[in-house]
Amino acid sequence: MAEKNMAGEKGRGSGIVTPGEWTTPTRVRACLFDVDGTTLSLSQNCEPASTREAIHRLAAAGIVPLLATGRASYLLEKIDLSEFGGAVLLNGQLVEAGGRTIHSNPMDRDDVRTVVEQVRAGLYTCLFMERDRMYMSAMDERAQAMVDLTHNHYEAGDVSWALENDVYQLNVMVGPGEERVVLDATRHTKATRWSDVFADVMPDTGGKDAGVRILLDALGIAPEECVAFGDGGNDVDMFGVVGTSVAMGNGGAEARAAATYVTDHIDEDGVWNACVRLGLI
């Protein structure tokens, strides 16, 4: 499979580069992949064939594919997971390796109670994400926009469930900057986002970077031996804890600025092309 789009871009303000200017890392033992906009095309609602083939070839070459996503395990049915050796889920709140959970970091219960009170007061709509299920407080216009963006199905549920079970992440249906309504009222939360439709709210000790550190340590892989692929604001911290980072051409400005390199759009063989340019396949 030949590289289609020969123009690459280097991050951190360096401008456009050709494939020859990409530097092959000294040693790569693992590649981390975000899902939405990186391995899962939101416009096509599927994993590009070239991405699936790239991941297969990485695994065949002895490079371990790893997942790092804001999604839970029950939202990964559109991704071929057969080659993956571990996963950072729910933006780092759950970490899995070797078929078992090696890290679990649910939200503070008092903070969840505060969010439930705000939702009941009508301040915003919220998706509550537990380990094995999720439920939307209501299906309004903004919640429908999330459905249209992610192609996921969200059932409305009783928000009192969140008071009885561990909640690992919230998707709060507010615009950029409006997540302060949650952050200012809670004690142990932080927020990130990859869409203007909603913000991911999680424990302040969480994040993809924290989850990635735990996963790599469990696998005995040094951070500098890892390449991370992503496209959103929730990938920026992850980029900072690996040796090489690649932002998708369709990624947001924050991710593109933070990455070592910027590859092509996901729908233009972005993952495949980056793996070729880096000399990994």
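1. Across the chain the mean pLDDT is 92, with 93% of the residues reaching 70 or more. Where pLDDT is low, the predicted coordinates should not be read in detail.

2. The largest pocket holds about 490 Å³ of space. Its lining is made up of 31 residues, and those closest to the centre of the pocket are Arg193, Trp194, Gly232, Gly233 and Asn234. Two or more lining residues are contributed by each of strand E11 (189-192), helix H5 (208-219), helix H6 (236-239) and helix H7 (253-258). By class, the lining of this largest pocket comprises 14 polar, nine charged and eight nonpolar residues.

3. For the second largest pocket, the space amounts to about 190 Å³. Here 14 residues form the lining, and Leu81, Phe84, Gly86, Ala87 and Glu96 are the closest to the centre. The elements that supply two or more residues to this lining are strand E5 (86-89) and strand E6 (94-97), and the largest share, three residues, comes from E5. The lining of the second largest pocket divides into seven nonpolar, five polar and two charged residues.

4. Gln169 deserves a separate comment, and the question is where its polar side-chain atoms find partners. This residue belongs to strand E10, which covers residues 169-172. With a relative accessible area of 1%, Gln169 falls under the 20% cut-off and is therefore classed as buried. Its side chain makes a polar contact of 2.7 Å with the side chain of Asn91, while a polar atom of the Gln169 side chain also lies 3.1 Å from the backbone oxygen of Gly70.

5. Leaving out residues up to four places away, Gln169 touches Gly70, Leu90, Asn91, Met107, Leu127, Phe128, Met129, Asp200, Val201 and Met202.

Conventions. Residues numbered from 1 in each chain as written. Predicted model: local features only at pLDDT ≥ 70, side-chain atom pairs only at ≥ 80, totals over all residues. Heavy atoms only, no water. 1 Å grid on protein atoms, 1.4 Å probe; cavity = no way out; pocket = protein on both sides within 12 Å on 5 of 7 lines; lining within 4 Å. Points joined across faces, edges and corners; volume = space filled by probe spheres on them. Helix = DSSP H or I, 4+ residues; strand = E, 2+ residues; numbered from the N terminus. Nonpolar A, V, L, I, M, F, W, Y, C, P; charged D, E, K, R; others polar. Buried < 20%, exposed > 50% of the residue type's maximum accessible area, 1.4 Å probe, protein only. Polar contact = N/O pair within 3.5 Å; in protein donor to acceptor, adjacent residues only side chain to side chain. Contact = heavy atoms within 4.5 Å. pLDDT = per-residue confidence, 0-100.
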